[in-house]
Amino acid sequence: MKYCHSRLLVPQAWRHPSWPEVHDPIRGLSGSLEWRRRNGDECRCTDGQSASRLNSPGGCAGLTSFSMEVVFSGRPVRQGWRWTMPITPLSILGRLYGDQMRVHEDLHRASNAHRRSHRCDVYPSDLAQAPLWPLLATLVHPRRFLEIGCGLGYTAALMATAGGPGCRVDTIEANPLHADLAERAFAVKGLSSRIRVHRGSGKTVLPGLRGPYDVVFLDSDWQDYPRYLSHLVRLTRRGSVVVSANLFPLFGRWGNGPPGKNSVRAYLRGLIRDSPFRTYIVRGDWHAISVRV
Ligand SMILES: C[S@@+](CC[C@H](N)C(=O)[O-])C[C@H]1O[C@@H](n2cnc3c(N)ncnc32)[C@H](O)[C@@H]1O
């Protein structure tokens, strides 16, 4: 059997509940699922799109079906399946945004792979949120960004790229391994001079920072969010934008978990009712975008 050398991790946009992903209960296998294109470089896309387009999350949006070999943790498990691609909102957005959704996509992929192998909490921001950072850069002309929850550096890299060579990003990370990996990635990308990783939790690092920051991104453990409110006020100026992720515990419908509903409620109450910010909560994504007035 001739394999194409490119290993294809299933992009988020292609996932479908009925597709085997990281666990195959029948064979008792766990690991990352790879699809190898069959017949070397020849991709059997029925609509005739080129093989390289399969490698991008947006590139598959118009694809209807194709033939693949499925390899699970290095072992072929099925051959010649014919997949029908669901046309998802993400794949449609991928087509609309084009390259904007592929900026630092390698770090997005690395974050997901790391989370799966380490069973940790590095959930990178959605690829479809990548265009938010150039949009904010155009609106706010930020010189200084602040992030709580660096992970492996996907969003910090997006901010640094959107802000351009003159901007600076301070990003806070509590997990030393994540901080190491992020710093390594920034060095490889030539972004080290723009991004500084502060090691420690938000509540210990924030008191030592001095503002003003133009754009702030909260993407860490939401149970600490209420403690950040006073710092958000102290570290911003009129016109600064604060993006708060991870608000889903308050709005999700999943019984008892995840914990921290009350923390998110307290944070949003403070942000909306008792702070100098105007706030819009994005339904579905459960992010909040706030502007200091
Ligand atoms: C959702 S991930 C961040 C993803 C990153 N912003 C991105 O989009 O790629 C959350 C990260 O925040 C870190 N973290 C969680 N709680 C934290 C806290 N209280 N202070 C600092 N970092 C925290 C975790 O170790 C993890 O790396």
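**Briefing: predicted model, fold and confidence**

Of the protein's 293 residues, 38% are buried (20 or more other C-beta atoms within 10 Å of the residue's own, with C-beta atoms placed from the backbone). This is a predicted model: local features need pLDDT of at least 70, side-chain atom pairs count only at pLDDT 80 or more, and totals for chains, interfaces and linings use all residues. Residues are numbered from 1 along each chain as its sequence is written.

**Confidence**
- Mean pLDDT (the predictor's confidence in each residue, from 0 to 100) is 78, and 69% of residues reach 70 or more.
- Residues 1-73 have pLDDT below 50, and this stretch has 123 contacts in the model beyond near neighbours in sequence.
- A contact means that two C-beta atoms, placed from the backbone, lie within 7 Å.
- Residues 79-85 also stay under 50, with 16 contacts beyond four places in sequence.

**Overall fold**
- The protein has 9 helices and 13 strands (DSSP runs numbered from the N terminus: helices are H or I, at least four residues; strands are E, at least two).
- Among contacts with a separation of 6 or more, 65% join residues 24 or more positions apart.

**Helix H4**
- All 10 of the 10 residues of H4 (residues 154-163) are buried, so the helix is largely enclosed by the rest of the structure.
- Its buried residues include Tyr154, Leu158 and Met159.

**Strands S8 and S9**
- S8 (residues 168-173) and S9 (residues 195-199) pair in the parallel sense over 5 bridges; pairing requires at least two DSSP bridges.
- Val169 stands opposite Ile195 in S9.
- From S8 the chain crosses through helix H5 (residues 176-188) to S9, a right-handed β-α-β crossover (clockwise from the first strand over the helix to the second, with the strands pointing away from the viewer).

Terms used
A residue is buried if 20 or more other C-beta atoms lie within 10 Å of its own, exposed if 12 or fewer, and partly exposed in between; C-beta atoms are placed from the backbone.
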